[in-house]
Amino acid sequence: MSAVPLEVVEDIASRQAALRQPIHPQALPDQGLHDLPVRPHVHISLNVRGLSQSSTLAINERSARLERAGRKVFRMGLGQSPFPVPPTVVDALKANAHQKDYLPVRGLDALREAVAAYHRHAQGIERSAEDVLIGPGSKELLFILQLCFYGDLLVPAPSWVSYAPQAAIAGRQHRWIDTRREDGWRLTPEGLDAVCRADPDRPRILILNYPSNPLGVTYSADQLAALARVARRYGLVVLSDEIYGELHHQGRHASIARWYPEGTIISGGLSKWAGAGGWRLGTFTFPPELRSVLDAMAVVASESYTSVSAPIQHAAITAFSGGPVMADYLARSRRVLRQIGPAIAARLRAAGCALDDPEGGFYLFPDLSPFRERLAAHGIHDARLLCERLLEDTGVAVLPGSDFGRSPTELSLRLAYVNFDGARALEGAAELNAEAVADAGFLAEHCADSMAGIERLASWLEAL
Ligand SMILES: Cc1ncc(COP(=O)(O)O)c(C=O)c1O
């Protein structure tokens, strides 16, 4: 991997030298001048100027406003887990409410050990507690990674909304890699190779998220092995975002770290498979070869958030340690998602949308280009306007594919099938046959709101 260019090193050195210069106090000028009201000098950093609030949060606020005005809204915009935090993990949090000390910057030792053991059991990937960094959500860790790593970010399009803005805020270049509907919008080894070949020695991080937000699809072992070969050829660092790994609908998630252990950082956390997004706990697990990146991130952590909330870290040990209660919770979660995801995909396909069945997580990414002419006849030429009209006409809140890196004129949508009572659905899942998919009785009883929203959306499209 190439070294940091000399001019950057010199620039940093000269700025550090300037900061070391003592400031000589001067006599204050006439006191009266300072009593006059003045406008504070405020200039927003160029890295942040022009960026707007994360679109997933914005749609949620807009939906809430419509609801306050008495409208029925089917909330399929924000991707929050519908399931409650497992009771054993909640109990662990209660039992640790008294924990009040600052914890080590890299995380509680027992939790780091539990995360390393989790990777060993789940994937056969040998890591030690020393390889683990705990942060306040994987999103924050990802941001710090971009602050610390000198190089570009490669992001397959479509991908989760925050990768690209984070790169801009951190002052990094990011490059979208186009994907095709025929490949299920997955990154292909050829696509990755084409981007790297032009400048093979450039330091880069590839973000690979699977099961994917926004797609709901994942990669097979063969596909991961092929991508790993290209990553190794170009010495890429792979940030493998596996936050939905435990929500692989068949429970068969595999990490690219199996094929590219020396270059892969595994990103995870409690937000999706333990239903605890608001607890803010994320994990990065590094190979020993990338220890210098972990060390640099720990420095930034120590100068910013210090450490993750102590009670949350203690409680997270229970989640990562697994056992029969966690296994049952996850099996039921998958069973519920297996009912609803394929049922929604089937209804949208019947209406004329192009999309495959989901394989993991709780998202779908329908392609509405078959409706292009009919939508144009209604003055709808892009996905953002399409989403606004859908919300207005049907009450269904979804996000445009353009928020995920697709072209604004492409008619793709991201839909999160999370608007059901997760606690009740988990109870109902106990009655379900483990192999059942799209069980009509279960859907009618537990996922009525989601199915009603999809029916409205599909009927709206059919009536165009
Ligand atoms: C793909 C993906 N990665 C990372 C995150 C961030 O998760 P957290 O910061 O809660 O760990 C999310 C959250 O929506 C996500 O969808």
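How many nonpolar, polar and charged residues by class does the shell around the ligand have? The shell has 2 nonpolar, 9 polar and 2 charged residues. Here Ala, Val, Leu, Ile, Met, Phe, Trp, Tyr, Cys and Pro count as nonpolar, Asp, Glu, Lys and Arg as charged, and the others, Gly among them, as polar.

This is a predicted model, in which local features need pLDDT of at least 70, side-chain atom pairs count only at pLDDT 80 or more, and totals for chains, interfaces and linings use all residues. Residues are numbered from 1 along each chain as its sequence is written.

**The whole chain**

Along the principal axes, the C-alpha atoms fill a box of roughly 75 × 55 × 50 Å. The radius of gyration is 24 Å, which agrees with the value near 23 Å that a compact globule of 464 residues would have. That radius is taken over C-alpha atoms, and the globule rule is 2.2 Å times the number of residues to the power 0.38.

Of the 464 residues, 46% count as buried. Buried means that 20 or more other C-beta atoms lie within 10 Å of the residue's own; with 12 or fewer it is exposed, and in between partly exposed, the C-beta atoms being placed from the backbone.

**Two domains**

Next, colour 55-81 + 326-462 as domain 1 and 89-321 as domain 2. These bounds come from an automatic or database domain assignment. The domain centres, taken over C-alpha atoms, are 26 Å apart. Their contact takes 29 residues from domain 1 and 30 residues from domain 2; two residues are in contact if their C-beta atoms, placed from the backbone, lie within 7 Å. On the side of domain 1 that touches domain 2, α2 (55-68), α11 (324-351) and β9 (363-364) each give two or more residues.

Now select the ligand. Of the 13 residues around the ligand, Gly137, Ser138, Lys139, Asn213 and Ser271 come nearest. A residue is near a molecule if its C-beta atom, placed from the backbone, lies within 6 Å of it.

Move on to α5, residues 138-148, where 8 of the 11 residues are buried. Among them are Ser138 and Lys139, two residues also listed as coming nearest to the ligand. Leu141, Leu142, Phe143, Ile144, Leu145 and Gln146 of α5 are buried as well.

**Backbone details**

Most residues other than glycine have a negative phi, and most peptide bonds are trans. The next stops are exceptions.

Select alanine 157 and proline 158: a cis peptide bond joins them, with omega about 10 degrees. Proline 158 sits in the loop between β3 (152-157) and α6 (163-169). Another cis bond runs from tyrosine 210 to proline 211, with omega near -15 degrees. Look for proline 211 in the loop between β5 (204-209) and α8 (221-233).

Is tryptophan 185 buried or exposed? Tryptophan 185 is buried, because 26 other C-beta atoms lie within 10 Å. Its phi is positive, near 65 degrees, and its place is the loop between β4 (174-178) and α7 (189-197).

Finish at arginine 280, in the loop between β7 (264-269) and β8 (282-285). Arginine 280 also has a positive phi, about 60 degrees. With 19 C-beta neighbours inside 10 Å, arginine 280 counts as partly exposed.

How values were computed: Helix = DSSP H or I, 4+ residues; strand = E, 2+ residues; numbered from the N terminus.
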